[in-house]
Amino acid sequence: MSRLVVVSNRVAVPGESRAGGLAVGLLAALKERGGMWFGWSGKTVREDSGRIHEQRDGDIQYVTMDLNKRDLDAYYNGFSNRTLWPLLHFRLDLVDYDRATREGYRRVNAMFADKLAPLLRDDDTVWIHDYHLIPLGSLLRERGVGCRIGFFLHVPMPSADLLQAMPDHLRLFSSLYAYDLIGFQTQRDADRFHSYVRLFGGGRVLADGMLEAPGGRQFRAAAFPIGIDTDLIARQAKAAANKPSVRDLRASLRDRQLAIGVDRLDYSKGLPERFLGFERYLERHADQRGSLTYLQIAPVSRGDVTEYRQLRGQLEQIAGHINGGHAEPDWTPLRYVNQNFTHATLTGFYRSAAVGLVTPLRDGMNLVAKEYVASQDPENPGVLVLSLLAGAADELKQALLVNPHDLDGVADAIATAATMPLQRRRERWQAMMDHLRRYDINHWRRTYLEALDSSR
Ligand code: F6P
């Protein structure tokens, strides 16, 4: 088996306490094959970008690169998160396009390529992740790298007409043609990319997910839905029941039910709509009044980007309005918390919640939905209310599927979830859990890497 080289914007270097599920899966692959993880160091430096840090842990080498403020602003805050993020989440209204940040994005990707290319061997397998690094594969090819290179897009691939709206879209998206395998979260994402290649990309769609670029180069673009470490999360959630923070949460509810949402504070997550859907629940289901408390955990994210700061203000306003109108001296219906918690504690919170609320306006997959299910007590599982517009809805069909724009529908789903009889809850949960056990994070990285290894 060839050495694996993983490249992503963020790197879970050893000793980092908040390595999420993706990091766990990628680390397992790196341990199996030996290899390197390359990416941004997470540090902003005063001097020039490009200083490299190296550390080793067994057979895995970690190589990270510093960026200065100017480069980070253009590459990460700018083009990645003010242009590509909204575009890929179907939000043309929020796209801020600027040639200068686009140039910065390219400059940082080229810097990654300059540092990485000399470290690569001819028989390596390189796996690049996410929208921050779309052109990296082609920049490596320009530097003479001939080994297998795959790309996985963690976020949605929007329809061709939206991509077309970005100035000079083809220069960026045709750089994907340099990869041997492009992975998407769902079949629909893969289909939308195929249609982009056909309609605007000058290429051809062949059989079995194969595409042909102008000039004849062939590559594959297919769906590989990401999973979670299902068994580990189930064990973690069971153990977490005894953590003081989980006990305190339970005790604070008294005999009320808990509904929980956990999301980065991001407009794609549909938080204002979810808050309003909860308010609608309080109004439409007055018979359930006072029986359920909603806890929304929303750690601040990308705080240097204007739209994210505005969202924060908006949510504070709506939360205050809802509690002002509905709270009682001994009950606050909505608890809104910006603090972050360890992964283990969150699984304990999920297990304490009768209702899991995952209602993004658009999401590539959404791993919180999967983790909520995996964390449940098999004897008394909670009910997942899930947006139709999350990739996870393609798999978790026994959730209560809602359209997050339909506030009445969200309100009614909360009421149905809170009162669902045990037998129905168990059946729905079991079906989803069987799926999550079979298609876990290890299945994801194995099927992707097998497909990449056999791509030529
Ligand atoms: O959903 C895309 C993604 O890159 C995730 O993989 C990751 O958890 C999240 O965004 C983190 O965002 P950031 O690195 O900007 O904090």
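Colleague: What are the ground rules for the values?
Modeller: The model is predicted, so local features need pLDDT of at least 70 and side-chain atom pairs count only at pLDDT 80 or more, while totals for chains, interfaces and linings use all residues. Residues are numbered from 1 along each chain as its sequence is written, and side-chain values use heavy atoms, with hydrogens and water left out.

Colleague: Which residues surround the ligand?
Modeller: Arg-10, Tyr-76, Trp-85, Asp-130, Val-155, Arg-264 and Arg-302 do. A residue is near a molecule if one of its heavy atoms lies within 4 Å of it.

Colleague: How do the residues of that shell divide?
Modeller: Into three nonpolar, no polar and four charged. Ala, Val, Leu, Ile, Met, Phe, Trp, Tyr, Cys and Pro count as nonpolar, Asp, Glu, Lys and Arg as charged, and the others, Gly among them, as polar.

Colleague: Why is Arg-302 called buried?
Modeller: Because its relative accessibility is 14%, and buried means under 20% relative accessible area, exposed over 50%, partly exposed in between (1.4 Å probe, protein chains only). Arg-302 is found in the loop between β12 (292–297) and α11 (306–326), and its phi is near 50°, a positive value in a residue other than glycine.

Colleague: What makes Asp-208 exposed?
Modeller: Asp-208 has a relative accessible area of 69%, so it counts as exposed. Asp-208 lies in the loop between β8 (204–205) and β9 (210–212) and has a positive phi of about 55° although it is not a glycine.

Colleague: Is Thr-125 buried or exposed?
Modeller: Thr-125 has a relative accessible area of 0%, and is therefore buried. Thr-125 sits in strand β5 (residues 125–129); such strands are DSSP runs (E, at least two), as helices are (H or I, at least four residues), numbered from the N terminus.

Colleague: What joins the side chains of Thr-125 and Asp-453?
Modeller: A polar contact of 3.2 Å. The term covers a pair of N or O atoms within 3.5 Å; within protein, one must be able to donate a hydrogen and the other to accept it, and residues adjacent in sequence count only if both atoms are side-chain atoms.

Colleague: Where does α2 bend?
Modeller: At Ser-80, by about 40°, the angle between axes fitted to the seven residues ending there and the seven starting there.
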